[in-house]
Amino acid sequence: FNARDGLALRKVWAIVDDDQAGLMVVTKDERNFSINRFDGYRFHPVDLSASTRVEWGWSWSHIAVRSRAGQWWLGTGAGVLRYPKGLTAPPVRMGREWGLPPGNMRVFEDSRGVIWVGQHG
């Protein structure tokens, strides 16, 4: 798949099956981050409802997780965005005020469903 199919960014970092939205593809390059929904024919970028500018950071792997509970977790350059009600609802920003140091964050869900957040130095 490429730009003709609706993907604005070529680098695909995750493919996720969202039981509400269907097949989702996470793309990222050096400056941009996108989650794209596949409608069976084309990809469509999802508005991430982040009301202010987000510093996505430079991490490449483990930058997005859709948890078993249906929440999306996105690692950024300044913390984590948690979407408890899906990607169309406003996110909860988790950064310094949550005790997270500044820096590129990664997110991971373990086999028990626990979300881990770590800093990639």
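These legends describe close-up views of strands in a predicted model. Local features need pLDDT of at least 70, side-chain atom pairs count only at pLDDT 80 or more, and totals for chains, interfaces and linings use all residues. Residues are numbered from 1 along each chain as its sequence is written, and side-chain values use heavy atoms, without hydrogens or water.

**View 1. Strands E5, E6, E7 and E8 form an open sheet.** The order is E5-E6-E7-E8, with antiparallel pairing. Strands are DSSP runs (E, at least two residues), numbered from the N terminus; two of them pair if DSSP finds at least two bridges between them. Strand E5 (64-66) and strand E8 (92-94) stand at the edges. Each has a single partner strand, so one side of each lacks a neighbour in the sheet. From one strand to the next, the twist averages 15° (axes are lines fitted to C-alpha atoms; angles run from 0 to 180 degrees between N-to-C directions).

**View 2. E5 meets strand E6 (residues 72-76).** The two run antiparallel, joined by three bridges. Val-65 has Trp-73 in E6 as its bridge partner.

**View 3. Strand E1 (residues 12-18) pairs with E2.** Six bridges join these antiparallel strands. They form a hairpin, with three residues between them. Asp-18 stands opposite Gly-22 in E2.

**View 4. Strand E2 (residues 22-28) is mostly covered.** Five of its seven residues are buried, meaning under 20% relative accessible area with a 1.4 Å probe, protein chains only. Five bridges join E2 to strand E3 (residues 33-38), again antiparallel. Four residues lie between E2 and E3 in their hairpin. Lys-28 has Phe-33 in E3 as its bridge partner.

Key
Buried < 20%, exposed > 50% of the residue type's maximum accessible area, 1.4 Å probe, protein only.
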